[in-house]
Amino acid sequence: MTRASVVGAGMTKFGVHDRPLQELFGEAAFEAFDDAGVEPADVESFYFGNAMGGQTENDTHLAPKLASHVGIAGVPAQRYEDACATSANAFKNAVQAVEAGIHDVVLVGGVERCTPQTGLDTAEMTRIFASASHRQYEQPTGLTFPGVFALLTKRHMHEHGTTPEHLAHVAVKNHEHGTRNPRAHFGKETTVEAVLEGPIVADPFRLMDCCPFSDGAAAVVLVSDEVADSYDAPVDVTGIGHATDVVPIGDKLTPHVTQAARDASAQAYEQAGITAADVDFAEVHDCFTGAEVMASEAIGLIEDGQGGPAAAEGRTSYDGDIPINASGGLKAKGHPIGATGAAQIVELTEQIRGEAGARQLDEAEYGVAHNLGGDAATTLVTVMEGRR
């Protein structure tokens, strides 16, 4: 059953930007307006994601500021923060409001700047990212997010025999996909050998196992099912699951299974009336190569323990049987925290419409977005499909 429909999508190139947040977001929002054929006066509410603007740029109360910049001042405007799942959470709340009949036309999106253009170097930005870990039990140990996902991945390797070579194949695949995406932060290929020769960041992750810090913005125009047919090429949202898990990691029963993703995907598939076997492609949260392996299994696209071999065998590649991260994913497209979830919705919209250019997939009827926050303790899974 259709819960809401995306009728307009826009995003900036992900990478390094020296523009302020409102200008960066404005580029994505105006593109979404143009794509939908709406005017700012048509927008009834604004659902917005930004995770760290207060810490990184001394810039808060952003929802009304950005609403003013894009010409929708006066409408209800709300900001969401849920670590890396920030704008996916904003999107879920927008879908619920539209489905409930509160609004017919809303703007949803996110923006973040994470590169040294903010004036903060990598070490300081890494410290700020780590604020999403447990303040009393994890931060005093010096644990940062490469370490968090390294712990989860090492357990997965222990349980299932996943190897560093398997992880390297994920990086190689997503970098190849990134060469097809003109908005990707990294548009060059790499090799398994180059990944395995990189400097260690947090065992088992080497440099090329890790996504970059990026700047960027993404936005969509979302409308109710009742009015969607009056727009060109609506893409229906048929399921959104949202689940959480225990924090800190030490209290999780089986950390590497990422239980929140399993619960969220089960909710989303049930709402959409499909199973994982019906999914044609997915955008998953590959902040690290091991995260993609675990996500591909948790949302049911790959059998447990086979996420690494599936990447090595090419099954998750652009021309594989279940393409994952055709956009390049966080690994190559980039990861501006508060924009990442919205950018996944943009990618699903373009793929399902058949407008993804050089990265267009042959089969793209059912798409799934998986966006996690923190140590995977927050996960949102969205199912989208073309309107029939």
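**Overall fold and the setting of strand β7**

The model is a predicted one, in which local features need pLDDT of at least 70 and side-chain atom pairs count only at pLDDT 80 or more, whereas totals for chains, interfaces and linings use all residues. Residues are numbered from 1 along each chain as its sequence is written, and side-chain values use heavy atoms, with hydrogens and water left out.

Along its principal axes, the C-alpha trace of the protein chain spans about 55 × 45 × 40 Å. The protein chain holds 14 helices and eleven strands, both being DSSP runs numbered from the N terminus (helices H or I, at least four residues; strands E, at least two). Of the 388 residues, 63% are buried, where buried means under 20% relative accessible area, computed with a 1.4 Å probe and protein chains only. Among contacts (heavy atoms within 4.5 Å) between residues at least 6 apart in sequence, 78% join residues at least 24 apart. The accessible surface, from the Shrake-Rupley method with a 1.4 Å probe, comes to about 14,000 Å², and 48% of this area belongs to carbon and sulfur atoms.

Strand β7, formed by residues 215-223, is mostly covered, in that nine of its nine residues are buried. In a regular strand the side chains alternate between the two faces of the sheet. Both faces of β7 are covered, with D215, A217, A219, V221 and V223 buried on one side and G216, A218, V220 and L222 buried on the other. Two strands are taken to pair if DSSP finds at least two bridges between them. Strand β1 (residues 4-11) is joined to β7 by six bridges in an antiparallel arrangement, and here V6 stands opposite L222 of β7. Strand β4 (residues 105-113) also runs antiparallel to β7, to which nine bridges join it, and V111 stands opposite A217 of β7.

Residue N93 belongs to helix α4, which comprises residues 86-99. When residues up to four places away in sequence are not counted, N93 touches Y47 and Y80. N93 and A377 are separated by 284 residues in sequence, and their C-alpha atoms lie 18 Å apart in space.

Definitions and conventions: Buried < 20%, exposed > 50% of the residue type's maximum accessible area, 1.4 Å probe, protein only.
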